[in-house]
Amino acid sequence: MRTSIRMLTVGAAAAVLLGCVSGPAASKGVDGPDRSRVLVFSKTAGFRHDSIPEGIAAVRELGATGGFAVDATEDAGAFTARNLARYDAVVFLSTTGDVLDTTQQVAFERYIKRGGGYVGIHAAADTEYDWAFYGGLAGAYFQSHPAIQPATVTVEDRSHPATSGLPRSWERTDEWYNYRSNPRDRAHVLASLDESSYTGGTMSGDHPIAWCQEYRGGRAFYTGGGHTKESYAEPAFRQHLLGGIRYAIGAAQADCRPENGYRPLFDGTAESLAAWKQAGPGSFSLSDDGTLTSHDGLGMLWYAGSGFGSYSLKLDWRVAGDDNSGVFVGFPESDDPWSAVNNGYEIQIDATDAPDRTTGAVYSFQSADLKKRDRALNPPGEWNTYEIRVEGERLRVWLNGVKINDFTNTDPVRSLRDGHIGLQNHGADDQVSFRDVRIKELPTKGD
């Protein structure tokens with residue numbers, strides 16, 4: 001929190017469709033030193049989807065506008081250590097059956113363990129049933145599907161680049177897979193199917209359909225959509241794919257740790273704001289898409305429903321540009337925002353001030369690890385996710401899944417053991433947005 005300085009946060013055919021990549025090739029970065037490269041792999045040893053050419057064309061087009069180069073092949077010989085090293089991610093586009101031999105599998109495992117990215121589209125889950133590493137990477141194997149039909153997709157994570165532009169309820173038509181297992185405990189679910197909105201769902205009402213994870217050193221994103229040719233012409237589905245690819249190649253950051261056991265404090269509805277109170281001047285506005293945006297100030301929107309003592313607080317935030325805000329924890333009930341300043345702690349959102357007053361800092365007490373913070377931070381205009389974990393007098397901060405601060409309170413005047421949480425509205429020129437504030441209460445521990 002500050003009053004004068006503001007911030008800048010930072011088909012046809014089993015042949016090659018964009019040049020053969022199965023043999024030795026030029027090094028990564030042939031199109032420029034900073035240009036990412038993606039390999040689309042669409043070999044099938046079982047059912048073949050007639051939408052594969054449309055899928056390849058869509059990824060090419062997304063690459064042309066999204067800043068990454070695209071090669072495509074159905075030649076498993078492309079899976080060598082030397083060739084895979086050219087790519088930031090490999091897209092398995094509706095592959096089916098056993099598509100890689102043992103040597104190729106070993107090369108791909110090493111590629112992922114060295115930080116490579118994976119994107120699985122639709123029948124990528126109907127692939128390599130006897131290769132446990134691949135099953136873990138994809139997240140779940142295909143079991144069955146009903147007829148193509150409309151369904152409601154419930155978007156659970158609205159900060160990930162694959163889902164940040166989607167409505168909370170996404171209506172679309174596709175072939176909806178049932179899976180042999182539920183990936184929720186292993187991966188971070190981005191979207192799920194409302195099984196009451198269509199016929200043929202078999203996952204007992206908890207039906208993930210898109211997810212992400214960090215897996216054995218690499219990044220993985222999977223979406224169950226993409227059966228139909230029409231999918232690849234849908235603007236929303238194309239943005240969904242683009243966001244997943246951007247995550248996999250490391251162009252966008254996200255918290256892809258499994259997330260279970262949280263309850264909403266603010267879920268995007270006006271009803272969920274009933275337990276919140278505005279302290280001091282300024283306010284927050286609620287948009288139709290469930291986003292809170294700060295206006296004027298200097299004040300704070302705080303959760304008056306209860307205090308908390310041992311918990312994990314998660315929330316998504318976004319700045320438009322040169323803006324300032326923060327998240328307060330551990331302060332007593334008060335209609336005076338300065339009570340939070342004087343009695344609690346602020347986790348700052350502002351990257352141009354002094355190190356102990358920048359994004360991820362415990363404001364004026366302890367800087368974040370700036371190198372880790374900078375690698376984890378998404379730029380203005382994109383969403384970020386904080387996890388603020390309080391246990392005893394210990395306060396830890398994760399940014400997009402990366403731990404960037406670990407602070408212990410030693411001030412006898414302050415205590416994190418019981419207090420409220422709040423979102424700052426900083427000043428007239430500072431407009432910071434928040435989404436999906438949720439909490440998981442933890443067992444009480446000593447320091």
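**Words and the values behind them**

Reply: Gladly! This is a predicted model.

Me: Why is α1 called roughly perpendicular to α5?

Reply: The axes of α1 (residues 52-66) and α5 (residues 235-249) cross at roughly 65 degrees and come within 10 Å. Angles of 65 to 115 degrees count as roughly perpendicular, so the name applies to this pair. The crossing is also right-handed.

Me: What makes α1 and α5 meet, residue by residue?

Reply: Contact means heavy atoms within 4.5 Å. On the α1 side the residues are A58, V59, E61 and L62, and they meet R238, L241, L242 and I245 of α5. Sorted by class, this contact has 6 nonpolar and 2 charged residues, and no polar ones.

Me: Why do β13 and β19 count as edges of the sheet?

Reply: The open sheet has 5 strands in the order β13-β16-β23-β18-β19, paired antiparallel. β13 (276-279) and β19 (345-349) each have a single partner strand, so one side of each has no neighbour in the sheet. From one strand to the next, the twist averages 20 degrees.

Me: How do you know that β16 and β23 pair?

Reply: Pairing takes at least two bridges between two strands. β16 (residues 299-303) and β23 (residues 420-425) run antiparallel and are joined by 4 bridges, so they qualify as a pair. As one example, G299 has N425 in β23 as its bridge partner.

Terms used. Residues numbered from 1 in each chain as written. Predicted model: local features only at pLDDT ≥ 70, side-chain atom pairs only at ≥ 80, totals over all residues. Heavy atoms only, no water. Axes fitted to C-alpha atoms, helices over the stretch in contact; angles between N-to-C directions. Helix = DSSP H or I, 4+ residues; strand = E, 2+ residues; numbered from the N terminus. Parallel < 35°, antiparallel > 145°, perpendicular 65-115°, else oblique. Left-handed = near helix turned anticlockwise from the far one by under 90°. Nonpolar A, V, L, I, M, F, W, Y, C, P; charged D, E, K, R; others polar.
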